[in-house]
Amino acid sequence: MAKQSNSFRVGRVRGDRRGKVWYLTYYDQGQRHRPRIGSDLDEARRHAAEINSQLENGAPVSSSFQSIKIAELQERWLDHHETVARSSLKTIARYRSATNHLITFVNGSRVPGSTGQFRVEHAEQFVKHLRTIHVSPNGHPNSEKRPLRDRGLRYVLEVCRSMFYFASQRRHLPPYADNPFTALQIDKIPTEDSKPIELFDAEQERLFLLAADDWQFPIFVTLMLTGLRPGELSHLLWPDDIHEELRAIAIRNRPQLGWQVKTRRERMIPLHPVLYRVIASSTLNRQSGTLFQRRRFTMSQQPTLAGSSVDSLEKELQSRVNLREAELEKQISRVERQHVCRTIWRDVGLIKSDYIRTSFIRICKKSGLKRFTSPKMLRHLFATTLQEGRVDPLIRNELMGHSTNATSRSNPLGMTATYTHTRPATMREQLERALKERPAIAIAEAWLANR
């Protein structure tokens, strides 16, 4: 009886027997692969022929993927956003929080924990799991937990879909296998329990502003009449971010000081003449610092870095970073650097966004408007005012600071936004016309008259 050969070749694939098991060896896109087939020679030859055909046709090879644990996928994906995409630290934190729901689900159930075995039916089980959990609103650990709302559920699924798309691009999913979260048709999941957004009517706006004290008033009338995000307002610097000639606020990225606009998009917002006078009144006798200072710094006390220019602040930051690295005897991470940046903003007088929120709630309670709890509503109010004032859609987009990426679903203007430009005079005219009848203007004038 002839001795059976221990090897064979089918085109670009070689078969080798080790003991009683056949292994196939081939190269795909410069990488060596050696899948284990089994003891049957005919089956090994069939697999070799199939793989060789796929290699010759340039098709994905069925055995050329690396299944990894979903927890490992999460770390690789987040590291990509940290070191390659350079996403903001807040974005990375949101992504980690969303995908942690999937890790918790996989660890606590019998669902496969690897990318190669996770299927659509497992994603559907995950959706059912999400509908049973309770979360803290806005991530605040001390707040009372509630069921995850539909919008939050959709966000978690969208983030998981993006993570598995990353896995498919790196061949961590089987060839020809669909992204398990794509088949869920996430965009068609209805949002039936979203919290309705209520806006101040004219009388409520009047009551709110009349209840604000002299420290609170300039802050909230500015939020009302510019649509700024609270974080943007907190990081405005005086006098750098107030354009005296154009009478406008400049919202700038300041990466050297660890601050960037949410969309990274800088913009200029014209100031209504009355609002400009309010801001000028609130910054009297001050040479520098944040535009709006913490309450105690409006008295006799001064911030540690009072009088510092932007260049001085950047030098002070680098000095503190160097000191921190000397203490640790290593280069600090982005997160650690961000902590140091916060000390600079603290020492220049920054008001925390959380304090703006608590101040907003206190004024609402004082004025009998207890159901309003978020200053973000003032941004919605500004956007609605612009629409009701028939402000040009492109100008609304620029004033709100939304992304102008032509491929974005949030931008209905498409390529028009790329090719259309707005004159400052046109923007000012339409903004002032829209704000003309707002109670905030009349009350601000009265507030100025009493100063």
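Trainee: Where does Ser-87 lie?
Mentor: This is a predicted model, and in it Ser-87 lies in the loop that runs between α2 (70-83) and α3 (89-107).

Trainee: Is Ser-87 buried or exposed there?
Mentor: Ser-87 counts as buried, because its relative accessibility is 14% and the cut-off for buried is under 20%.

Trainee: And what is Ser-87 in contact with, leaving aside its neighbours within four places in sequence?
Mentor: With those neighbours set aside, Ser-87 is in contact with His-81, Ile-92, Arg-264 and Arg-334.

Trainee: Switching to helices, how many residues does α1 have?
Mentor: Helix α1 covers residues 41-57, which makes 17 residues, and from its first C-alpha to its last it reaches 24 Å, close to the 24 Å expected at 1.5 Å a residue.

Trainee: Which residues of α1 are buried?
Mentor: The buried ones in α1 are Ala-44, Ala-48, Ile-51, Asn-52, Gln-54 and Leu-55. Seen down the axis of α1, the buried residues fall within an arc of 160°, so they line one face of the helix. On the other side of α1, Asp-42, Glu-56 and Asn-57 are exposed.

Trainee: What do the buried residues of α1 pack against?
Mentor: They pack against four strands by name, β1 (7-10), β2 (13-18), β3 (21-28) and β5 (36-38).

Trainee: What about the ends of α1, which residue caps the N-terminal one?
Mentor: Asp-40 caps that end, with a side-chain oxygen that lies 2.8 Å from the backbone nitrogen of Asp-42. Just after α1, Gly-58 takes a positive phi of about 75°.

Trainee: New topic: what is the order of the strands in the open sheet of three?
Mentor: The order is β8-β9-β10, with antiparallel pairing, and the edge strands, each of which pairs on one side only, are β8 (242-243) and β10 (267-270).

Trainee: How many bridges join β8 to β9?
Mentor: Two bridges join β8 to β9, which spans residues 248-251, and the bridge partner of Ile-242 in β9 is Ile-249.

Notes. Residues numbered from 1 in each chain as written. Predicted model: local features only at pLDDT ≥ 70, side-chain atom pairs only at ≥ 80, totals over all residues. Heavy atoms only, no water. Buried < 20%, exposed > 50% of the residue type's maximum accessible area, 1.4 Å probe, protein only. Contact = heavy atoms within 4.5 Å. Pairing = 2+ DSSP bridges. Expected span 1.5 Å × (residues − 1). Arc of directions from axis to C-beta. Polar contact = N/O pair within 3.5 Å; in protein donor to acceptor, adjacent residues only side chain to side chain.
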